[in-house]
Every structure is written in structure tokens, then in C-alpha cells.
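Q: Can you walk me through this model? I'd like to start with one chain and then get to how things pack together.

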Number of protein chains: 2
Amino acid sequence: MGVTLKELASTLGLSPTTVSRALNGYPEVNARTRQRVQDAARAANYHPNIRAKSLATGQSRAIGHVIPISTSHEIVNPIFADFIAGAGESYSRAGYDMVLSVVPDAEEEAAYRNLVARGSVDGIMVHGPRLQDSRIPLLRDLGVPFMVHGRSSGVSAPYSWLDINNRRSFRRATEFLLDLGHTRIALVNGLETMDFAMRRRLGYLDALQEAGITPDPALMHTAEMTEPFGHDAGRALLALADPPSAFLASSMIVAYGLRRALTDAGLRLGRDVSVIVHDDDLSYMPNGLDVPQFTATCSSVREAGRKAAEMLLALVRDPDQPPLTLLMETQLVLGDSTGRNRT
Amino acid sequence: MGVTLKELASTLGLSPTTVSRALNGYPEVNARTRQRVQDAARAANYHPNIRAKSLATGQSRAIGHVIPISTSHEIVNPIFADFIAGAGESYSRAGYDMVLSVVPDAEEEAAYRNLVARGSVDGIMVHGPRLQDSRIPLLRDLGVPFMVHGRSSGVSAPYSWLDINNRRSFRRATEFLLDLGHTRIALVNGLETMDFAMRRRLGYLDALQEAGITPDPALMHTAEMTEPFGHDAGRALLALADPPSAFLASSMIVAYGLRRALTDAGLRLGRDVSVIVHDDDLSYMPNGLDVPQFTATCSSVREAGRKAAEMLLALVRDPDQPPLTLLMETQLVLGDSTGRNRT
DNA sequence: GCGAGTATCCAAAGCGGTTTGAAATGCCGA
DNA sequence: TCGGCATTTCAAACCGCTTTGGATACTCGC
């Protein structure tokens, strides 16, 4: 192991107290002494043992992320990696660690309880909120600062969250398609037990209602977001007696599958049919290399991670403040996948 | 906070020693007493403070994962999420935490040093090894148990790793295409500064050489693995005077792009052209829903995560044992994307 | 009935830091 | 010269757990 504070102190002929204070920037220590201590610490490659430190201070300087794995289909949320990358930046800038718990949703409650009771984290980030997510009241009861990436419809008591305006985003996208003359518009959505997906559907319905169009259940597909799902949904939609001329896709990967179904049917994107996709700006799934392929509602999930982490750290520093919330708007960026209705 | 061991002991009228021993399964405690302690602990919802525990034992019961972000292109490795999910299962089964450090590759060395010096982890998992990866000698010098997901060509001293047999896998895939009568075979590979990509190319070249075919540099593309890259590569390859009749793709997402280029050109997969892809079995990127779409070399990265984590934990328990290594073979699974050469 | 052996429990000393309360030192004005 | 006040340092307690080295009581063989 490395040098301990006590050893460092004795080689300097000082008490541990003084050394600790010198290194932690307390005022009651002579400037020359402080310099001497700092030099010696660097020379000895001294790093305070984080476990001892956190035991003494009562803080762990770590944030917990719990990644739920649905036991039924065992899907790992693909946006998770980029969100983590963003959050990680903020944490390391602030000198915090990130501890990850991957738990099947059946054991979620126990996982949260453990994390808090064992004192291994100062705060918790909640991923992938569902409707009426029970984790939110649980964490509130546990009295630990936490932050939700997304929101949970049906949870009334206030809590801290960061979300994108999914409803407005999909409403605008739908309106845009309506403006282009499309009236049969399909929604190829994520699992609507997830809060974000439900809000997107509401936005879609808002726009249809505004335009006086009765929503057609046959045009609305929902499932775990994968390429094969996009393809299947696309094929099924095209097989309808009165097929849609425009499509909304909830993620880039779904859009890949959807595009395949459309082009398989000999349709050209942006001419024969229109597609708008939600683009999370995942680093490994760019929307084209320089010009956007798809018209898309864009919002960087990595940036969301950065911001959410900062907000959580603020909550950790001052747990008594009222909940922090941030609703980010998306950008509707024009690509080559939309055009006016020609059917 | 929760109950402390001392409090629990005093309510039970026992010493902390006995309570600690009762809960940790030491033999020198009366069976009845142990039962009493365990009941009381459960009733009081007692969880040992992990920081105190690890300070006392000298172990942190945590494993560090360092996620490198290349500062140049800021890509987060997409397989990371599934690997983490697998590793997380093993860790939580063993009662270990996982701490994540997301670091730009410029600060990597400092990140590893910190993690070790501050004693926040008992072992380290290394992701995405490059050729002659400098992290391996560094970790060896730091004297911390570590495990590499993949290997690093050019590092001669032994170290622990888990890898799939990329070379053999791509060699077999190439041989299979050769057997189908293809002679112009393209390789759409990942970044060849990454060790896995380099090995895949070697396997491809092995098979060509065996067949007496001179490799054509124009048939080999390499870049960060994205859908647009697959598409670009595919289009460029088809534009050749003597285009390939078969393609190897290094990841599912690249294959999506490749397929788009091929079908855009009016070619049918499995009839006009053949494609074999490497399938990491990512949960959110399945190779078809029930039957495989692509002929693929398959290996579950999640399973790799599970196994790698177990091996690392074994190293942590007994750091003096020789390095552990595991080379996993892939399965060549037939899908609809291959057929005999008809050009 | 007594010493050895065993089963069971405990007091106290760590682990490596932080922090409280007090002591030593130097400087000042009265 | 002396008390008062900063300034600077230190000894010791503490964070919550583990673990060493006894202590106590109880059994057993002779």
C-alpha cells in the first residue's frame, strides 16, 4: 500500500493533525509548514486512503447508479453507456466515484436499501423510470439525495429529475408531418410501460387531436426498441389496407429497421414516405456522418448525463434544498427523410 | 443512518465482538446466540457500514472498471453496456461493488494510479485494449490484480485476460465464404488500433493466403464501427471495377449500414451477395427476432462479462496465482445472408 | 476434587483518517 | 513585567467495524 498520513507526519516531525489540516486547506497552519507538508506529500506519492477518509467524514464521495435489467427480456438500455460517460465526466471533475449496481428488477428495492444502509454512496441516480415508479417513493423514504433521468407519471410528490420534453418533441414532429400533408402517421414507439415512451405517444396524440384526426390504433406500435422490431412494425404497417405515409420512430436503431422495411417495399425515404426519428446523439450511432440522414428530434443524452450529475452533486452538497428539475427541449433537425405527402 | 454494530450489541446485551462473529459466521459462538443475533439484526434492518468494514479488513470489496474515451472521436464502446451487465451479475452475487471511472485516454494513467493508491478497489477490469497497451505494464507495476477484456498484441509479459478467438473466428468465416465460391471478399473492420480488429484482419488474411488469394487492400476498410461507416464502405466497395461478392462485417451495426448499401444497389443478401457479421449478442441489437438474419460468428459479450468478472474475483482472492486466461471460441451460425457465389 | 480441555464471550487495540479541546509560542500594549 | 490575544501545533477521541489475546464457565477423566 501507499504511505499513511501518520508515517508522513512522523517523517516530517509533525502531528497527524497538522498534516491533515495542511493538506486539506485549513487556515490554522503556517504557510511555510503547509508548503513543506505538500512537498513531502507529493514526494512520497501520498494519497489519502479513501475508505478511512470517508469513515471519518461520514461521506463516501461516491454516487450510485442502479441499472435495472428487466428479468422478462433482459435488455440493457443502450443509451445507458453514453449517459454514464457524461455523468462520469462531472463526477471525476468533482472528485467523486461512480458505483454501479446492475440488478434484475425483482431485486431492485433490496439493492437500493443496501446501497444506502451500507453507506457506500452519498447520492443515487435513477435510470429508466417507468410509470408510477416505486423507486421514487422508496428513495424518498430512505432519505438519500437522488435524481431521476426522466420522470415518472403518476408520482405526485415532488422529486428531482432531468428530462427531455418528450411530449412537446413528438408533438412538434407530428405537426411537422401534418404540415407536409401527411394524415396517416404511424408511431413506432418504445415500450410504453416506460415513461418516456408514454409521453411521446401523448405528444403524438396531441397533434393529431389538434388537427382533428382520429388516432388509429393500427398505426401505433410499441415494443422494446430494436432493429428487428422497427422492421417488423414497418412491414406490418405497409401491409395495411390504408398504409401510413409518414412514420415516427422512437430511436435511431428502430429507424434503421423501419427504413429497411420501407426500402424493401421499394419506397424512397423523403419522397414516397417520410420518417422522423428521435436521435439521442449516441456516440456510436450517429445520424449520418456529416449531413443528417434522418429528420430528427435531437437531444444529447451525454449532455443530459453531465447535467444530471451536476444537479445530483448539488443536492448532495445541500440535501435540504427543494427538488431540482430540468426540462430540456429537443431540436428538430431537418434531414433527407421527410417530404410532402404525395399519396 | 442505520443501526451500528455497537448499538445492536448493546440492545442484545452482548459485546460487539460476539455480534460481529455471529454475523460473519465464525465458529466460536453459541448456536442459540447466533440465531438471536441474526434475528435482531434482521429486525433492526442492520447493514454493516461498508467503509468501516473495508477499513478494518483492508479490502474494499469493489472492482474498478475504467472506461476509456478517446479524446479524438469521443466514442463510447457500445458493447460496454452488455459487458458491464454481465460482470455486474457476478459482482453482486459475490457481494462486490463495481466502481466506474470514465476517463479521457490522456488521463488514463493518473486514473489508474488514483484508483489503486486511494485503495478504492481490490481489482481492475481493463476495457478495449489497444495494440501494445501501456495500461498493462502500468497495472502490473502497481501490483493490483487486473483482468483484460481482450488481449494486447505486443505485450510480452504474461497477464490475465479473457478474449474470444477473433483470428480463428474470422478465418473460419472467410473459409466458409471461400467454400461458397467467393474469391473477392471484403473486410469491413473496426479501428485496427484496437487489438480485436487487428486479430480479425489476421484471420481473414490467414484464410486468403491458405487459399492462395492475394489480399487486395481496396477490399479492406477500417474505422470506428457505426452504421454510416458500414454504408459508406459498402458503397465504396460496390463502386469498384471488380466489386466483392462477399463481405465480412465486424459488428452488427456496421452490418446494418452495409446491408443498406447493398440493398440500395438492388442486390439481395444471400443471393447476389453474401455477408457474415460478428454478433456480440448485444441485448438491444439482436440478430433477427427468432431466426438469424445474418450468418454470424456469435459470442455473447454479456457471458464474457460474467466470466471475466469471476476470474478477476478469483485473482483478488488469491493474488499470487499465475495469470488466468480464457480464450472463447465463437459459433458460426447460419442465417439468410450467405449463399454460393453466382457472379 | 482437581487440572486440562473446550465452548463461549469480552475488553481493547487496531484500520487511516478527521476533529475537538487544549497547550505552547510569540507579539502586543498597558 | 505581565496579562491578553493570535497564531500555530499537538494529544486524544472518534468514525464503525474486525481481530487478537485473554477471561470465564462448564465439562470430563482420573
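Q: In what order do the six strands of the open sheet in chain A run?
A: The order is E7-E6-E8-E9-E10-E12 (chain A), with mixed pairing. Strands are DSSP runs of E with at least two residues, helices are runs of H or I with at least four, and both are numbered from the N terminus. Two strands pair if DSSP finds at least two bridges between them.

Q: Which strands stand at the edges?
A: Strand E7 (220-222) and strand E12 (331-333) of chain A; each has a single partner strand, so one side of each lacks a neighbour in the sheet. The twist averages 15° from one strand to the next.

Q: How many bridges join E10 to E12 in chain A?
A: Three, and the two strands run antiparallel. Cys298(A) stands opposite Gln331(A) there.

Q: Before I go on, what are the ground rules for the model and numbering?
A: This is a predicted model: local features need pLDDT of at least 70, side-chain atom pairs count only at pLDDT 80 or more, and totals for chains, interfaces and linings use all residues. Residues are numbered from 1 along each chain as its sequence is written, while chains are lettered from A and ligands numbered from 1 in the order in which they are written.

Q: OK, the two protein chains. What rotation superposes chain B on chain A?
A: A rotation of 180° with 0.2 Å of shift along its axis, at RMSD 0.4 Å. The copies are thus related as by a two-fold rotation axis.

Q: How many residues does each chain give to the contact?
A: Chain A gives 50 residues and chain B gives 50 residues, where contact means C-beta atoms, placed from the backbone, within 7 Å. On the chain B side, H5(B) gives the most, with eight residues.

Note on methods: Contact = placed C-beta atoms within 7 Å. Axes fitted to C-alpha atoms, helices over the stretch in contact; angles between N-to-C directions. Least-squares fit on C-alpha atoms with pLDDT ≥ 70 in both.
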